[in-house]
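Here's a quick briefing to read alongside the model. Have the sequence open as you go.

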Amino acid sequence: NGHVADASFEGSGCAISTASASLMTESLKGKTREEALELLDRFHDLLTQDGSPVTAELGKLAVFCGVRDYPARVKCATLCWHTLKSALEGNGNRVSTE
């Protein structure tokens, strides 16, 4: 019906990467494609924009607000989200945080 019924991931990585992927899968359930992409944008802003507000819409994802203080770790937290975006766009491109 156009909503995410379930989401999961299989992979390994650092604690930030796996935690982000786990919370991403929880956060996506019940969302439409558009809502998922909006959540991606809000999450990315949280990690990259100084002063970006931590809103209730982010739910548990707000725990990552401290990651923006460690720019090298932003890639860890966003890799799964870039993979999600690629999957939703259906372009089959290789995913990179570069």
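This is a predicted model: local features need pLDDT of at least 70, side-chain atom pairs count only at pLDDT 80 or more; totals for chains, interfaces and linings use all residues.

Residues are numbered from 1 along each chain as its sequence is written, and side-chain values use heavy atoms, with hydrogens and water left out.

**Overall fold**
- The protein has 3 helices and 0 strands, running α-α-α from the N terminus on (DSSP runs: H or I of at least four residues for helices, E of at least two for strands, numbered from the N terminus).
- A compact globule of 98 residues would have a radius of gyration near 13 Å, and the protein agrees, with 13 Å (taken over C-alpha atoms; the globule rule is 2.2 Å times the number of residues to the power 0.38).
- Of the 98 residues, 33% count as buried (under 20% relative accessible area, 1.4 Å probe, protein chains only).

**Helix α3**
- Helix α3 takes in 19 residues, 71-89, and should span 27 Å at 1.5 Å a residue; its end C-alpha atoms are 26 Å apart, which agrees (the expected span is 1.5 Å times one less than the number of residues).
- At Thr-78, α3 bends by about 45° (the angle between axes fitted to the seven residues ending there and the seven starting there).
- Thr-78 is also one of the buried residues of α3, which include Cys-76, Cys-80 and Trp-81.
- Cover for the buried residues of α3 includes α1 (15-28) and α2 (33-48).
- After α3 comes Gly-90, with a positive phi near 65°.

Notes:
Buried means under 20% relative accessible area, exposed over 50%, partly exposed in between (1.4 Å probe, protein chains only). Contact means heavy atoms within 4.5 Å.
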